[in-house]
Amino acid sequence: MEKFTTLTSRAIPLDIANVDTDQIIPARFLKATDKKGFGDNVFRDWRYNKDGSENSEFSLNNTDYSGSILVAGDNFGCGSSREHAAWALVGYGFKVIVSSFFADIFKGNALNNGLLPVQVSPDFLSELLNTIKNNPDTKIIINLELQTISVGDKSETFDIDPYKKTCMINGYDDIDYLLSKKTEIEAFENANG
Amino acid sequence: MTNKKTLFDKVWDAHVVDSIENGPQILYIDKHLIHEVTSPQAFNELEARGIAVFRPNQIVATADHNTPTENQHLPIKDLQSKNQLEQLSTNCKKNNITLYELGHKYNGIVHVMAPELGFTQPGMTMVCGDSHTSTHGAFGTIAFGIGTSQVAQVFASQCLLLTKPKSLRVTVNGKLKNGVLPKDVILYIISKLGTNSGTGYFCEYAGDVFENMTMEGRMTVCNMSIEMGARGGMIAPDQTTFNYVKGREYAPKGEAFDKKVDYWKTLPTDEGAIFDKEYTFDAEDIEPMITYGTNPGMGIKISENIPNSKDASFVKSLEYMNFEAGESLINKQINYVFIGSCTNSRIEDFRVAAKYIEGKQKADNVTAWLVPGSKQVEIQIIDEGLKDIFDAAGFELRQPGCSACLAMNDDKIPQGEYCVSTSNRNFEGRQGQGSRTILASPLVAAATAIAGKIVDLTENIETLEFA
Ligand code: SF4
């Protein structure tokens with residue numbers, strides 16, 4: 001997993017609430033058996049029209065916007081547990097998703113792939129969305145160590161599990177940790193036979 | 001501090017291996033279910049790190065998401081699907097994992113076959129790379145969906161690193177009206193609470209409505225816990241649960257079973273235990289439900305009109321469905337009906353449908369797919385003579401699998417068409433690109449197929465025969 005400390009980037013707005021994992025990556029693209037290539041199909045049915053042409057109204061296709069931060073509406077990532085959603089977002093180039101609320105499983109999947117979910121207040125979110133829409137060049141700064149997200153002179157702190165924070169900063173994952181606990185796990189099994 | 005514990009606390013606490021200071025806990029996982037779509041990358045991960053599967057005996061695999069529901073004996077045409085299924089077989093063989101592959105007498109949707117085999121038991125912790133793992137909570141089991149990285153973690157260590165969720169209890173007391181099924185109960189609850197009310201919580205369903213439900217009904221309810229954001233749902237184990245588990249393939253036998261039952265009886269929530277959040281509903285207020293929008297929280301009683309809202313996502317949702325705020329769905333023409341998915345594909349669901357359908361004819365405009373949740377359910381349908389009823393009425397009984405619930409195989413609802421579906425998600429394009437899903441109970445689905453349009457079941461609900 002890649003290490004994450006700070007990020008300064010422009011952002012792409014996705015002003016839609018309840019973005020579910022079926023929208024992030026539709027089921028028909030889940031037949032692959034590795035983690036690569038999902039980025040090409042992220043938000044597939046919103047990015048492309050029925051005839052296969054690009055939907056120019058969708059923000060990812062709007063050349064005014066760019067960057068590795070996605071600023072999305074409330075309740076992002078609800079629905080299916082497919083980690084393919086996180087792989088697709090990472091594959092497209094996102095490193096941070098900002099929303100006012102994340103679904104549980106998605107949040108865990110994101111963190112396990114070095115994709116940082118940043119939960120902000122609804123007010124901060126709407127201000128962020130407005131700022132980006134009015135000025136797509138706006139830079140957003142994320143500092144994981146300090147747990148802050150800043151834009152212009154506005155800033156907010158965000159929560160993250162301290163253990164997960166350490167993992168993100170150092171690029172560790174849970175398997176490494178769990179393997180180091182094998183003795184305790186076996187002792188538990190013996191005790192609970 | 002009170003020492004009174006909830007069902008959830010009891011099961012969780014019994015599985016904590018260790019706690020990280022200021023961090024998550026290591027939770028031991030008793031049973032791990034896997035399927036073809038979310039496991040290959042986890043097997044790859046283990047192989048890349050040179051780690052063996054730690055406890056292969058605690059894993060059971062099935063092929064369900066990406067399988068055809070016709071001609072299962074023939075080679076699979078779609079090459080990518082074929083490859084995915086072959087990888088599952090290879091991975092299971094290599095790692096000594098029991099696999100009920102396509103065509104096996106125990107093959108089926110992971111959340112239908114595991115309880116059927118007695119793999120699911122009260123007091124356990126269970127996971128699967130699938131969000132509807134919450135289904136197994138019907139047995140008083142902590143069961144929840146995980147991502148593929150976590151599948152790899154469980155492969156490697158039979159454990160997960162988790163922060164204990166908060167507790168939520170939904171109590172429904174009273175007597176359900178005739179024609180109101182478990183599916184209506186859960187659609188009603190989600191319509192009241194919304195799709196993210198449960199996020200961060202594990203939910204217990206309590207009250208006589210759930211106590212009086214069959215295991216099939218309890219599974220339908222727990223299945224959709226995830227649709228209100230909850231990681232899982234649970235119902236206290238009782239005699240109904242024990243009777244269901246007893247004698248099944250993986251269930252403990254004889255004295256061992258009795259000893260287990262003694263333990264299972266200690267699991268229900270202590271009187272006076274405190275939940276972080278509580279909701280109470282009245283059974284009498286629930287009616288047959290349908291959804292009108294693109295998330296499972298957008299549900300109404302079948303006789304109600306679509307509400308009005310200026311909210312942007314509400315407007316977008318109705319636009320997608322091509323419905324108007326304020327209108328009724330009664331008499332809307334429907335060309336597709338799907339009875340299936342891990343929510344409603346158990347024998348009881350098909351009995352309800354068959355009872356309603358018997359002696360009637362499917363409307364000409366309707367394509368009606370019946371997809372059993374497992375090979376065992378399929379055989380029961382045939383043995384009980386339900387297939388004859390379905391055939392005579394023009395319904396199509398297909399072979400088991402997830403099918404049109406997520407439309408990964410060929411069972412897709414065409415662009416723009418409405419489907420009254422007993423599945424659990426009405427997201428945009430869930431049942432096929434551009435498809436429009438209306439969630440409902442097997443009874444409402446059967447009635448829709450007969451009428452060719454949505455009908456108001458409540459008009460003659462008292463005399464309705466379906467069970
Ligand atoms: S039936 Fe549908 S919801 Fe259930 S496991 Fe299969 S795809 Fe998931």
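What volume does the largest cavity have?

1. The largest cavity has a volume of about 220 Å³. The model is a predicted one, and a search of the whole structure turns up 3 cavities of 30 Å³ or more.

2. The lining of this largest cavity consists of 21 residues. Those nearest its centre are His65(B), Asp130(B), His132(B), Leu406(B) and Arg430(B). Sorted by class, the lining holds 10 polar, 7 nonpolar and 4 charged residues. Domain 1 (7-278) and domain 2 (290-463) of chain B each supply at least three residues to the lining.

3. The ligand takes up the space of the largest cavity. The residues around the ligand include His65(B), Asp130(B), His132(B), Leu406(B) and Arg430(B). Also in this shell are Ile109(B), His111(B), Ser341(B), Cys342(B), Cys402(B), Cys405(B) and Asn424(B). By class, the shell has 5 nonpolar, 5 polar and 2 charged residues.

4. Of its 17 lining residues, the closest to the centre are Cys78(A), Gly79(A), Thr195(B), Ile226(B) and Gly229(B). The lining of the second largest cavity divides into 8 polar, 7 nonpolar and 2 charged residues.

5. Both domain 1 (7-278) and domain 2 (290-463) of chain B contribute to the lining of the second largest cavity, so this cavity lies between them.

How values were computed
Residues numbered from 1 in each chain as written. Chains lettered and ligands numbered in written order. Predicted model: local features only at pLDDT ≥ 70, side-chain atom pairs only at ≥ 80, totals over all residues. Heavy atoms only, no water. 1 Å grid on protein atoms, 1.4 Å probe; cavity = no way out; pocket = protein on both sides within 12 Å on 5 of 7 lines; lining within 4 Å. Points joined across faces, edges and corners; volume = space filled by probe spheres on them. Nonpolar A, V, L, I, M, F, W, Y, C, P; charged D, E, K, R; others polar. Domains from an automatic or database assignment. Near = heavy atom within 4 Å. Sits in = over half its atoms within 2 Å of the grid points.
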